[in-house]
Each structure stands twice: as structure tokens, then as C-alpha cells.
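Hello,

Please find the structure below. My notes on it come after.

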Amino acid sequence: MTAPLKQTRFRIGGMDCASCAAKIDTAVRRLDGVADVSVSVTGASMTVSHGGPLNDDKVLQQVARLGYGIVKAEARTGGPAARAHDHAAHDHEGYDHESHDHEGHDHGGGQQITKEAAGSSHLHSHAEPGQAWWRSRRAALTLACAAALLAAYGIGHLYPTTERWVFLAALLVGLVPIARRALMAALAGTPFSIEMLMTIAAVGAVMIGATEEAAAVVVLFLIGELLEGVAAGRARASIQGLADLVPKTALVEREGGTVEVPAEQLAVGDVITVRPGDRIPADGEITEGSSDIDEAPVTGESTPKRKSVGEPVFAGTINSDGVLKVRVTAAASDNTIARVVRLVEEAQEAKAPTERFIDRFSRYYTPGVLAVGALVALLPPLVAGGDWNEWIYKGLAILLIGCPCALVISTPAAIAAGLATGARRGLLMKGGAVLEGFRRITAVAFDKTGTLTAGKPVVTDIVAYGRDERSVLALAAALEQGSSHPLAVAILDRAKTDKAPVPPALAAKAISGKGVEGSVGGVAVFLGSGAAAGERADMTQAQRLAIDSLNGQGKTVSVLVADGVVAGLIAMRDEPRPDAAAGIAALKAEGIRAVMLTGDNRRTAEAIAVSLGIEARAELLPQDKQRIVGELQREGLTVAKVGDGINDAPALAAADIGIAMGGGTDVALETADAAILHGRVTDVVRMVRLSRAVMANIGQNITVALGLKAVFLVTTILGITGLWPAILADTGATVLVTANAMRLLRWRG
């Protein structure tokens with residue numbers, strides 16, 4: 001049996017593009033004991049998987065030598081290398097949706113993941129992770145190089161004989177650090193880095209007498225890197241800003257008083273006070289009070305929800321109007337927002353198929369550019385007698401044009417922005433492979449209870465005989481007081497909504513399999529099934545037909561008998577979510593087939609299906625749902641399965657993409673391939689549309705990256721453009737591609 005893998009996580013500073021990530025990845029993989037490396041530019045993080053003990057100092061030194069800041073972060077179980085499914089092969093076998101147990105799970109590589117205790121963090125370099133860009137060493141270097149170039153222009157104008165030497169000095173200010181990074185990258189296994197191409201081009205320009213232009217190109221290159229850093233910082237802030245929603249302090253009840261403590265110190269079981277207008281500092285359950293809770297910062301829901309005792313609240317949401325006492329149910333490191341941020345960071349480390357292809361392509365692309373540059377510099381003078389200086393100049397310009405930064409970042413920037421914007425709107429996807437896979441979905445199989453429906457029955461009809469509906473509801477609620485049965489809760493909720501009085505019931509007792517009876521205001525009352533009611537009172541034909549009609553609509557009917565006479569009917573049903581019909585219609589409009597798979601009886605299923613406009617398969621066992629998903633796939637459809645993440649485990653595993661419905665629960669965040677936090681059916685089609693928007697953005701990025709290079713390649717060979725436009729083409733393409741990807745952060749679906 002293969003030894004279990006452990007994981008150690010690091011935070012990286014100064015890593016602004018995919019080329020940076022590739023250099024770090026290559027360098028760390030060369031270390032002894034390292035089995036796998038996952039690097040996220042937008043997450044500013046790196047996860048190292050290793051079989052035995054990892055020499056942390058060697059990792060820290062290896063990355064610091066490349067010029068990046070690095071600190072060791074907390075280790076945790078799993079991670080993208082271990083937890084992401086191989087979506088290209090749809091290899092979901094063995095995924096335990098019910099237990100959420102990631103430890104000891106074989107994810108296709110024959111290796112298992114266990115947790116390693118985190119050691120003390122240690123910081124290398126001055127590029128501290130999370131540091132403001134204007135305070136970074138890169139910003140200082142760019143400013144120094146630009147100032148040296150301006151000084152060189154001034155001195156060269158005043159003393160023309162010193163011009164070459166002052167520009168050479170200005171060039172060295174920026175080129176020496178770049179060349180050092182190029183050398184370190186080459187020693188660490190990346191000889192064809194952007195820094196190496198830049199160094200060759202600058203040294204070559206000096207050799208042919210273009211020192212002034214070389215100095216200007218180095219300044220432009222550093223400015224471009226700085227702009228990339230700002231753009232990468234925006235991408236990071238888009239998801240890490242979620243963490244800032246949680247207040248830093250909380251009011252905790254201690255020894256009869258209230259004490260203000262740091263929110264991160266809250267423990268499960270603590271009772272906190274949340275004042276009107278305050279953000280809730282932890283996930284918890286209301287123990288006292290009621291209030292409208294604004295969940296828009298976390299879930300995007302525009303309408304506040306009224307919540308009272310016993311209902312859950314989430315960290316980062318806003319208490320609108322009442323004082324609440326909340327019992328903490330999750331520590332700061334495990335609240336909803338922390339889990340969402342963690343999930344998105346891991347997802348950004350897991351590469352999408354398109355991204356993996358671009359990475360492989362770039363490995364051959366950069367050496368190819370170097371070869372083309374050499375051929376352009378050498379062939380015309382050797383074969384056609386061209387001017388050496390002219391063609392060497394053109395060859396050097398081609399090196400700068402061919403820098404792969406824009407191409408390499410085109411995909412991960414869009415994927416990261418898509419994952420982040422989805423998370424901000426409650427659409428969680430586990431990695432680029434899942435995000436990319438949504439655009440190929442051609443069928444969606446829905447569970448019924450808790451997915452298409454709210455998951456709890458509500459009173460839909462009250463039919464009164466010989467008295468008014470309010471009186472029927474009051475008598476039924478009187479018998480159901482104190483019961484936690486779902487039908488009893490539905491009746492009590494309706495009585496509360498309708499403000500019906502609930503008188504006390506005497507000698508109330510449940511009769512197994514039949515109903516409940518008691519005395520209310522001196523009246524003998526029974527509430528139960530139609531058959532049991534028929535044993536206690538004579539039913540008219542009209543009453544029997546009414547019961548049959550309600551049953552035919554998939555509703556459960558309770559019959560109220562008062563003093564031996566049928567007093568009324570109360571019909572209940574688990575009703576569709578408010579947006580379910582719109583969600584199904586939207587999927588159909590996108591050309592996606594929708595089908596409902598449920599274990600409910602056929603009559604109930606068909607009644608719900610007709611109201612939603614969806615085809616239904618009823619009375620199914622879990623294995624039947626799995627079988628039907630397989631049948632749809634054999635028809636050539638790419639299937640997403642939407643369920644609660646537990647009961648539908650076989651079908652979720654069999655589907656191309658499994659989607660969990662939930663409201664920030666462990667189930668919603670830890671099972672399946674994607675999760676819908678809002679519990680909105682319309683969010684399924686929004687995931688499809690987000691996927692299509694991201695893939696369209698990637699297409700635009702690749703077109704811009706390669707298109708600009710092609711144009712400047714031709715103009716350089718024709719002698720129209722030179723070194724300055726060449727580096728502008730590379731820097732400009734990188735900035736354009738990153739800015740285009742960042743447009744996805746404003747996506748509304």
C-alpha cells in the first residue's frame with residue numbers, strides 16, 4: 001500500500017502571474033520528498049504534498065531565492081491535489097458523500113492524504129504576503145529604475161560624451177535584479193523564464209549600441225510587472241474581502257455580564273449578544289430574540305430574512321432591528337465564510353483542462369520563441385548578407401514579443417475571477433475543471449424534497465364544514481401544540497401566520513397510526529387520516545370526493561372531527577420553491593433537459609412535476625436514481641445531479657457534475673462538486689451561464705495574447721517596430737488579458 005501523503009501549506013508574496021507560479025512549482029518539485037505541488041496566484045498560496053517529513057527550511061529557501069516572500073501557513077487535511085476529482089475522466093467512484101471523510105480516501109492517484117500538524121511560520125524576503133503593492137520591493141525597484149533613467153536623460157543631455165555610460169548605469173539598476181532572478185530560476189529548473197528573455201534582450205541591445213533603448217525597455221518591463229501585481233491583488237481581494245465581513249470583536253456573556261473579546265477567540269457554545277446594526281461575528285443559533293437578518297453580504301439575497309429562536313445565523317450577516325442572543329456553533333476558522341474562502345482558494349489551485357493545456361503549450365512555446373529570435377538574428381546576415389546590427393536588433397525584439405506571460409495568465413486569471421465571483425453569489429465550484437464542465441451540461445436531474453421543494457410541508461387548503469376556516473385551524477392547532485411532527489409544525493405555523501387563537505387542549509394524546517385526540521373547550525376533537533376519521537364520523541360523498549381530489553394533487557389530508565361530526569379538512573404539501581418553475585424554464589431555454597428523480601409516490605411526484613413543467617420519475621430507491629443518471633449519460637447527455645448531498649450520494653457520484661443544495665451547511669460545502677448556498681433552483685442555470693461567460697472570456701484572452709504577438713512579430717521583421725513597442729506589446733497584452741478577466745468580477749448572471 002502506498003504511504004499516505006501529507007500536505008503543508010505556504011503563503012507566497014510577490015507572485016503576480018502564472019509564470020511566477022510555474023517557476024515556484026518547478027523549483028519546489030525538485031526538492032527531495034516532494035510528491036506534488038499546487039500553486040494559486042490569486043490565492044497567493046502553495047500546497048506541497050509529501051510522503052515523509054518535509055524540510056520546511058529548504059522550501060522556504062528555494063522560493064526566497066527566486067525573489068518571493070514565503071511563510072508557512074496552517075496545514076489542513078485534503079486540498080486540491082487530493083480532493084479534486086478527475087473530472088475529465090468523471091472518476092467519482094468511492095466518493096463518500098455521506099460521511100464527508102476525506103482522510104484515507106483514494107483520489108485516483110493511489111495516494112492518501114492525512115493531516116500534518118503545522119509548525120511555526122517563518123518569513124523570508126521583504127515581499128511579505130498581503131503587503132500593499134506600493135510598499136513592495138518591486139515598486140521601490142521600479143521607481144528607482146525610472147528615476148535613474150530620467151537622470152540619465154538629463155545628464156546625457158548636459159554631457160553628451162557620458163551618454164552611453166549613464167544609460168548603462170541606469171540600465172544596471174533594473175537589470176541586475178532581473179538577471180539575478182533569471183539565474184536563480186534557471187538553477188531551479190526554469191531556464192526559459194521571462195526574466196531570462198529580458199536579460200538576453202537587454203544585454204544584446206547594449207552589445208549593438210542600443211543602450212538607451214535597453215534602459216527604457218527595462219523600466220517598461222518593471223512597470224508592466226507592477227501593473228500585473230496590482231491586477232493580481234484585485235483578484236485576490238475579490239474573494240478574501242469576504243473574510244473582512246466578519247467583525248473583529250464580539251460581545252460574549254461571561255459571569256452574568258457582557259465582555260468584548262476578539263471574534264477569533266469565540267468557542268463553540270459561547271453565547272454572544274448581537275445589537276441592531278451589528279454584523280454577526282460567528283455562525284450560530286438564535287437563543288433569544290428575533291430580527292430581520294440581512295444576508296446579502298454573504299449570499300447575495302436582496303431581501304432580509306426574519307429569524308427567531310432556534311434558527312441559524314451566519315457570520316458576516318447583519319442584524320437589522322432586534323437584540324439577539326446567539327449560541328456559537330462553529331469556531332472562527334470553521335464558520336461559513338472561512339469555509340467558503342478556503343474552498344475557493346483550493347479550487348483556484350486545481351487547474352482546469354484548458355489551463356493545463358496552455359501550461360504544456362507554453363513549455364514548448366518559450367524555447368520556440370528563443371529559436372525564432374536566434375534564426376531572425378542570424379539567418380538574414382549569413383544567408384542574404386543583411387546588416388548584423390539590424391537583424392540582431394530584430395531578433396532581440398522578437399524575444400520580448402514572444403514572452404509568454406499574457407498567454408499563460410489568460411486562462412487562470414479568468415478561472416480565478418469566475419470562481420471568486422461565483423462564490424460571492426453563493427455559487428461554489430470545486431476547481432476550474434468543474435467551472436469549465438458546467439458549459440457542457442445538457443441535462444440536469446433534480447431531487448424533489450429539499451431541492452425543487454422547500455423540504456417541509458405547509459398548509460395549502462382548509463375546507464370547513466359547519467364552521468369557519470379559522471375555527472377549524474384553531475381546533476387542529478390546539479391538538480398539535482408541543483408536537484414536532486412535520487405536519488403538526490405546518491398546522492401551527494399556519495395558525496401563527498393567520499393569527500388564529502390556539503386554545504388549550506385537555507387530555508390530548510396520540511393514537512398510533514391514526515392521529516391525535518383531545519378535548520378543546522369542552523368539545524371532543526380528533527385530527528387524523530381520512531380512514532381513521534371515517535371510523536369516528538359519517539362522511540358525505542362530497543367530503544370523500546374532496547379528500548380524493550386533494551390527494552390527487554399530491555397533498556396529505558388531515559380530517560378534523562368535532563363531537564362526532566366532520567368539521568373540516570386540512571391539506572398539506574411540501575410546496576415547490578418560489579423560483580423552481582422559473583429555474584426549470586430557464587434551463588429549457590438554454591436547451592438543457594430537466595428531470596425530477598424522487599422516492600415519493602407517483603401521484604405526489606406527478607402533481608409537483610406538472611406545476612413545474614418537468615418530467616418526473618417517482619418511487620425510486622437511491623440505486624434507481626444512479627441507474628437513471630447512467631441511462632441519460634448513455635443517451636449522450638452530460639448530466640448534472642442536484643440533491644442534498646447525502647441521500648442522493650450514488651446519483652451525485654455517477655453524474656458528470658454533482659451539485660449540493662444547501663444554506664452554508666457542511667453538506668453543501670463539503671460534498672459533491674459544486675454547491676448552491678442560496679437553495680435557489682435558478683442558480684443551476686446561473687452556474688451554466690457563468691461557465692459559458694468564463695470560457696468566452698478565456699477565448700478572448702487567448703485571441704488578444706496571440707493576436708498582438710502575431711501583429712508585432714510581422715511589424716518587427718518588416719522594420720516598422722522595435723524594442724520599445726515589443727515590450728509594450730508584451731506588457732500591454734498581459735495587462736489587457738488580466739483586465740478582461742477581472743471584468744468577470746462584475747458578472748451578475
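This is a predicted model: local features need pLDDT of at least 70, side-chain atom pairs count only at pLDDT 80 or more; totals for chains, interfaces and linings use all residues.

Residues are numbered from 1 along each chain as its sequence is written, and side-chain values use heavy atoms, with hydrogens and water left out.

Helices here are DSSP runs (H or I, at least four residues), numbered from the N terminus. Helix α11 (residues 388-401) packs with helix α24 (residues 682-717) at an angle of about 175°, their axes being 10 Å apart. Axes are lines fitted to C-alpha atoms over the stretch in contact, and angles run from 0 to 180 degrees between N-to-C directions. α11 is therefore roughly antiparallel to α24 (angles over 145 degrees count as such). On the α11 side, the contact (heavy atoms within 4.5 Å) is made by Trp391, Lys394, Ala397, Ile398 and Ile401. α24 contributes Lys709, Phe712, Leu713, Thr716 and Ile717.

Helix α4 (residues 137-158) holds Thr142. Thr142 is buried, at a relative accessible area of 6% (buried means under 20%, exposed over 50%, with a 1.4 Å probe and protein chains only). Apart from neighbours within four places in sequence, Thr142 contacts Leu222, Ile223 and Leu226.

Arg137 also lies in α4, but is exposed, with a relative accessible area of 52%.

Regards

Conventions:
Helices (H or I, at least four residues) and strands (E, at least two) are DSSP runs, numbered from the N terminus. Angles under 35 degrees count as roughly parallel, over 145 as roughly antiparallel, 65 to 115 as roughly perpendicular and the rest as oblique.
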